[in-house]
Amino acid sequence: MPNFQDWSVGLAKESVFGTVVAPTRWLEFTNAAPFKPTLGLKQGEGMRPGRRVARSARRVSTLKGAGGPINVELFSKGLGLLLEACLGQGVSTLVPAGSTYQQVFKLGDTLPSYSIQFGVPNAAGTIAAHTFPGAVVESWEIGGAVGDIATLQTTWDARELNTAQAYAAPSYPTGGTLYLVQDATILTGAITAPTATALSTGGTEIATVKSFKVSQSNAPVKDRYFANQGGRKALQLPATRAITGELVIEYGDETLRDAWLAQAPMALLIRLVTPTALSVGVETIEILIPEIKIDDDPLPTASNGDSIPARTVGWTGLDNLTAADPIVIAVRTSDTAL
């Protein structure tokens with residue numbers, strides 16, 4: 001029998017925007033709360049003799065919507081559909097001479113939409129289905145600090161809350177491993193982008209990174225409401241994407257200081273691995289931004305005399321018009337599909 005702890009969240013890609021589909025992939029999420037719906041409530045203000053308060057019959061719902069976060073620990077299996085939602089497009093390819101699959105995610109011109117279903121338990125053990133069709137990723141962030149599990153945080157915008165869709169019992173992939181920040185390699189320099197079946201190569205390691213963040217805003221246009229649509233929005237279209245991030249680094253040399261002063265272009269590759277062996281290599285996720293520029297003064301602040309100075313380096317990912325893609329995420333996994 002379920003109890004009040006049995007929250008779940010599942011998703012499925014929609015073939016028609018806003019048309020509910022049952023979830024096909026479930027996530028081990030860390031924020032046990034469904035999205036918050038909005039109804040655009042309005043109260044009629046027409047005057048009428050003898051009435052001293054607003055009338056219940058004049059209260060109406062206008063524009064529907066919903067939104068909220070789905071946060072997960074970065075796991076080596078079952079995240080393909082979520083990463084596709086974050087960037088816009090993803091392809092899974094069998095790596096030759098093995099049973100390993102490589103998933104490659106890049107920016108799409110539009111954002112795919114998903115039906116998100118939360119299983120919401122109550123104290124009596126009943127699970128209600130709160131389903132949110134027409135959901136797109138508004139922004140996402142991958143990051144963490146040494147000593148922690150890497151995380152993926154996503155923020156969604158959805159079309160509405162649907163309570164008619166039946167609850168689908170969750171099912172999760174077998175196996176898999178958590179990605180730990182201390183197992184990350186951060187590289188800059190000359191880096192060759194991943195292909196459908198090969199990971200990135202090249203680069204020089206930054207050896208003293210304490211924490212990192214990679215964030216992207218899809219900047220979707222969310223107010224696409226039109227007449228004769230029942231107060232429901234049309235597909236949210238992405239505007240100019242913003243790729244940003246942060247590195248916290250122990251003070252060592254002046255490479256980043258000089259790059260900031262000269263506004264010199266740099267490539268950035270963040271690679272995380274697990275010890276789990278695949279038929280080709282090990283479980284891997286890597287995030288490549290072919291060109292970043294340092295935003296903030298990366299000079300260290302004075303320490304207290306008992307610690308080595310550190311510095312926080314903010315950066316922005318840019319399109320250099322040379323690299324095929326301004327950001328690429330590649331995943332090596334035993335998942336056979338996104």
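Me: To begin with the rings, how many aromatic pairs does the structure hold?
Reply: The structure, which is a predicted model, holds five aromatic pairs.

Me: What is the arrangement of the rings of Phe29 and Phe118?
Reply: The ring centres of Phe29 and Phe118 are 6.0 Å apart and the planes stand at 65°, so this pair is edge-to-face. The cut-off for that label is an angle over 60 degrees.

Me: And where in the chain do Phe29 and Phe118 sit?
Reply: Phe29 belongs to the loop between β2 (25–27) and β3 (36–38), while Phe118 belongs to strand β9 (residues 114–121). The two are 89 residues apart, and the pair thus links distant parts of the chain.

Me: Is Phe29 buried or exposed?
Reply: Phe29 is buried, because its relative accessible area is 15% and the cut-off for buried is under 20%.

Me: What about Phe118, buried or exposed?
Reply: Phe118 counts as buried as well, with a relative accessibility of 0%.

Me: How do the rings of Phe118 and Phe132 meet?
Reply: Their centres are 6.0 Å apart and their planes are at 85°, so Phe118 and Phe132 form an edge-to-face pair. Phe118 is in strand β9 and Phe132 is in strand β10 (residues 127–145), so the pair ties together parts that are 14 residues apart in sequence. Both Phe118 and Phe132 are buried.

Me: Which residues do ring pairs link into a cluster?
Reply: The cluster consists of Phe29, Phe35, Phe118 and Phe132.

Me: Changing topic to the nonpolar core: how many residues has the largest one?
Reply: The largest nonpolar core has 59 residues. Those with the most contacts inside this core are Ile70, Ile116, Trp140, Trp156, Phe212 and Ile329.

Me: Which helix gives the most to this core?
Reply: That is helix α1 (residues 80–87), which contributes six residues.

Me: Where is the other core, and which residues are among its members?
Reply: The other core lies apart from the largest one and has five residues, among them Leu187, Ala267, Leu269 and Leu288.

Me: Why would nonpolar side chains be buried together?
Reply: As a general point, nonpolar side chains in soluble globular proteins tend to be buried together.

Me: Back to Ile70, then. What is it in contact with?
Reply: If neighbours within four places in sequence are left aside, the contacts of Ile70 include Val9, Leu27, Phe29, Phe35, Ile116, Phe118 and Trp156. Asn31, Gln153 and Thr154 are also among the residues that Ile70 contacts.

Me: Now the strands. How do β14 and β17 pair?
Reply: Strand β14 (residues 209–217) pairs with strand β17 (residues 242–250) in the antiparallel sense, over eight bridges. One example is Ser215, whose bridge partner in β17 is Thr244.

Me: Which way do β17 and β20 run?
Reply: Strand β17 and strand β20 (residues 310–317) run antiparallel and are joined by eight bridges. In this pairing, Ile243 stands opposite Gly317 in β20.

Me: On to charges: how many salt bridges does a search of the whole structure find?
Reply: The search finds eight salt bridges. One of the salt bridges joins Lys13 and Glu84, with the closest N and O atoms 3.0 Å apart.

Me: Where are Lys13 and Glu84 in the chain?
Reply: Lys13 is in strand β1 (residues 8–13) and Glu84 is in helix α1. Lys13 counts as partly exposed at 41% relative accessibility, whereas Glu84 counts as buried at 6%.

Me: Which residues are linked in a network of salt bridges?
Reply: The network links Glu254, Arg257 and Asp258. Between Glu254 and Arg257 the closest N and O atoms are 3.6 Å apart, and between Asp258 and Arg257 they are 2.9 Å apart. Glu254 is partly exposed at 22% relative accessibility, Arg257 is partly exposed at 27%, and Asp258 is partly exposed with a relative accessible area of 38%.

Me: Last topic: where is Thr197 found?
Reply: Thr197 is in the loop between β12 (184–192) and β13 (201–205). With 26% relative accessibility, Thr197 counts as partly exposed.

Me: What does Thr197 touch?
Reply: Not counting residues up to four places away in sequence, Thr197 touches Thr93, Leu94, Val95, Pro96, Gln102 and Arg332. Thr197 and Leu94 are 103 residues apart along the chain, and their C-alpha atoms are separated by 7.2 Å.

Conventions. Residues numbered from 1 in each chain as written. Predicted model: local features only at pLDDT ≥ 70, side-chain atom pairs only at ≥ 80, totals over all residues. Heavy atoms only, no water. Helix = DSSP H or I, 4+ residues; strand = E, 2+ residues; numbered from the N terminus. Buried < 20%, exposed > 50% of the residue type's maximum accessible area, 1.4 Å probe, protein only. Contact = heavy atoms within 4.5 Å. Core = buried A, V, L, I, M, F, W, Y, C linked by side-chain atoms within 4.5 Å. Phe/Tyr/Trp six-rings, centres within 6.5 Å; stacked < 30°, edge-to-face > 60°. Pairing = 2+ DSSP bridges. Salt bridge = Lys/Arg side-chain N within 4 Å of Asp/Glu carboxyl O.
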